[in-house]
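Please look through the sequence and the fold together before reading on. The paragraphs below move from charged pairs to strands and then to a helix.

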Amino acid sequence: MKKFDYHKLLRILKIILNFVVTIFVILFFVVVCLQRFSNNRISFFDYRMFTVISGSMEPKYNIGDVLISKVVDPKDIKVGDTISYLGKEGTFANKVVTHEVVDIETDADGKYYFHTKGLANLIEDPIVYEDQLYGKVIYKSVILSFIYKVISTNIGLFVFIVIPILYIVGSEILSAMLEKEDKRRRKIKE
């Protein structure tokens, strides 16, 4: 009966773990970069990711929460939905805003426009036209929110970014060194 090689199994599991972690980090980085550098104009399969930066939607969404929005047809948006849009007027100009829809109207051409307001705000936002829409918020990611809140601290950046990178690089160096040592020992035995 052949002896089971645990070292081989551990090496395979480590390779798989490194691959999964690397792919996740790369995909997350690509999505964030696409959105940041395109001012959120590019969606990833009709989904966008936003981070809450003000308390205007508390208690529903807190500062640092990561929200996922999906591109939807304006006619599918209802009062009470939370939408993300590009502001065009006043203090909202060129900022991504995520607020709740409080009223919906259509103009003479059948185009939708929305009245929105932050839950913690006293006054409504400027009118939001359908061409300003980025999407309807469909999900608040608890995991990504936690990671964002932790990464935004120096300790979190170190724990979630620096240490995983050092782990991946270090494990590759260690694997290469162990493989080299195994080859050297096999040569000595021969």
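Which side chain meets that of Lys60 in a salt bridge? In this predicted model, the partner of Lys60 is Glu100, with 3.9 Å from N to O. Because Lys60 lies in the loop between strand E1 (47-51) and E2 while Glu100 lies in strand E4, the pair ties together parts that are 40 residues apart in sequence. Lys60 is partly exposed, at a relative accessible area of 35%, whereas Glu100, at 18%, counts as buried.

A salt bridge also joins the side chains of Lys140 and Asp65, at 3.6 Å from N to O, and this pair links distant parts of the chain, since Lys140 belongs to strand E7 and Asp65 to the loop between E1 and E2, 75 residues apart. Here Lys140 is partly exposed at 31% relative accessibility, while Asp65 is buried at 3%.

Strand E7 (residues 133-141) also pairs with strand E2 (residues 66-70) in the antiparallel sense, over five bridges, and Lys70 has Lys136 in E7 as its bridge partner. E3 runs antiparallel to E7 as well, joined by three bridges, with Tyr85 partnered by Leu133 of E7.

Helix H3 (residues 154-189) has 36 residues and reaches 50 Å from its first C-alpha to its last, close to the expected 52 Å, although a kink of about 30 degrees lies at Val162, shortly before Pro164.

How values were computed. Residues numbered from 1 in each chain as written. Predicted model: local features only at pLDDT ≥ 70, side-chain atom pairs only at ≥ 80, totals over all residues. Heavy atoms only, no water. Helix = DSSP H or I, 4+ residues; strand = E, 2+ residues; numbered from the N terminus. Expected span 1.5 Å × (residues − 1). Bend = angle between axes of the 7 residues up to and from the residue. Pairing = 2+ DSSP bridges. Salt bridge = Lys/Arg side-chain N within 4 Å of Asp/Glu carboxyl O. Buried < 20%, exposed > 50% of the residue type's maximum accessible area, 1.4 Å probe, protein only.
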